[in-house]
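Here's a quick look at the charged side-chain contacts in this model. Have the viewer open as you read.

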Amino acid sequence: MKLIGLLLVAYLLGAIPNGVWVGKAFFQTDIRQSGSGNIGTTNTYRVLGPYAGTVVMVLDIAKGTVATLLPTLFHVTTFLGTATPLLFGLMAVLGHTVSVFDHFKGGKAVATSAGMLLAYNPIMFVIAAGLWVSLIYWTSMVSLASMIAFSLITLISLGFQDWYLTGIALVLTIFVFYRHRTNITRIRQGTESLVPFGHGYRKHRAK
C-alpha cells in the first residue's frame with residue numbers, strides 16, 4: 001500500500017499544470033488559449049514572458065526531482081532495485097503528459113524528465129543541460145534542441161552502461177519525438193518558431 005500510495009503521489013506531483021496555474025493566478029491568462037496551446041515552459045515564455053517561463057521551468061523540473069526522490073525519502077524499493085527512483089520519475093512524467101488537473105492532457109515532459117534525471121544522476125543532468133542550452137543557442141529552436149538532447153543522452157547513458165537509464169531515455173526520446181511531431185513538420189517547412197537569440201536566429205534575420 002505504501003508503494004502504491006507514493007506512486008500516486010508521484011503522479012499527482014507530475015500532474016500539477018504549473019504553466020496553467022501560474023498564468024491564471026498572476027496574469028489572468030490561460031496559456032492553453034494562446035501560442036501553441038501547450039502548458040510547458042516554451043509556451044509560457046512565449047505567452048507570459050521570460051520571468052514566468054523561468055518560474056514554470058523550475059517548477060516543472062522540481063516536480064520531476066521531488067517525485068524521483070520519494071522512494072529514497074520513504075525507504076521504498078521495488079524489483080528495479082537501485083533504479084526504483086526512475087519508476088517514480090516516470091510516474092511524474094506520466095502525470096505531466098496526462099494530467100488529471102488538465103482533462104488528462106498535458107505538456108511534452110521535457111522539463112519534468114530533466115528533473116527526474118537531476119535526482120537520479122546529477123552529473124548526467126549537468127551534461128544534458130549543457131547540451132540543451134548549447135543546442136538552443138546553435139539552432140534557436142527549443143523543439144529541435146530537446147529532441148537532439150534526448151537522443152544524445154540516450155547514447156551517452158548507453159556508453160556508461162546504465163541499462164535502466166538507457167532504456168527509459170530511449171522510451172522518453174521516442175515519446176518526445178512523437179509529442180513534437182507538429183514541430184518536426186514545421187522544422188521541415190522552415191516555419192518553426194525561433195527564440196530571439198542564437199546562431200539560428202541571426203541566420204534567419206540575415207536572410
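Asp60 and Lys63 both sit in helix H4 (residues 50-73), three residues apart, about one turn of the helix. Helices here are DSSP runs of H or I, at least four residues long, and strands are E runs of at least two, numbered from the N terminus. This is a predicted model, where local features need pLDDT of at least 70 and side-chain atom pairs count only at pLDDT 80 or more, while totals for chains, interfaces and linings use all residues. Residues are numbered from 1 along each chain as its sequence is written, and side-chain values use heavy atoms, leaving out hydrogens and water.

Asp60 and Lys63 form a salt bridge (a side-chain nitrogen of Lys or Arg within 4 Å of a carboxyl oxygen of Asp or Glu), with their closest N and O atoms 3.4 Å apart. Both Asp60 and Lys63 are buried, meaning under 20% relative accessible area, with exposed being over 50% and partly exposed in between (1.4 Å probe, protein chains only).

The count comes to four salt bridges, including these:

| Salt bridge | N to O distance |
|---|---|
| Asp30 and Arg32 | 2.8 Å |
| Arg32 and Asp102 | 2.5 Å |
| Asp60 and Lys63 | 3.4 Å |

Asp30, Arg32 and Asp102 are linked in a network of salt bridges. Asp102 counts as buried because its relative accessible area is 5%, and Asp30 is buried too, at 17%. Arg32, at 25% relative accessibility, is partly exposed.
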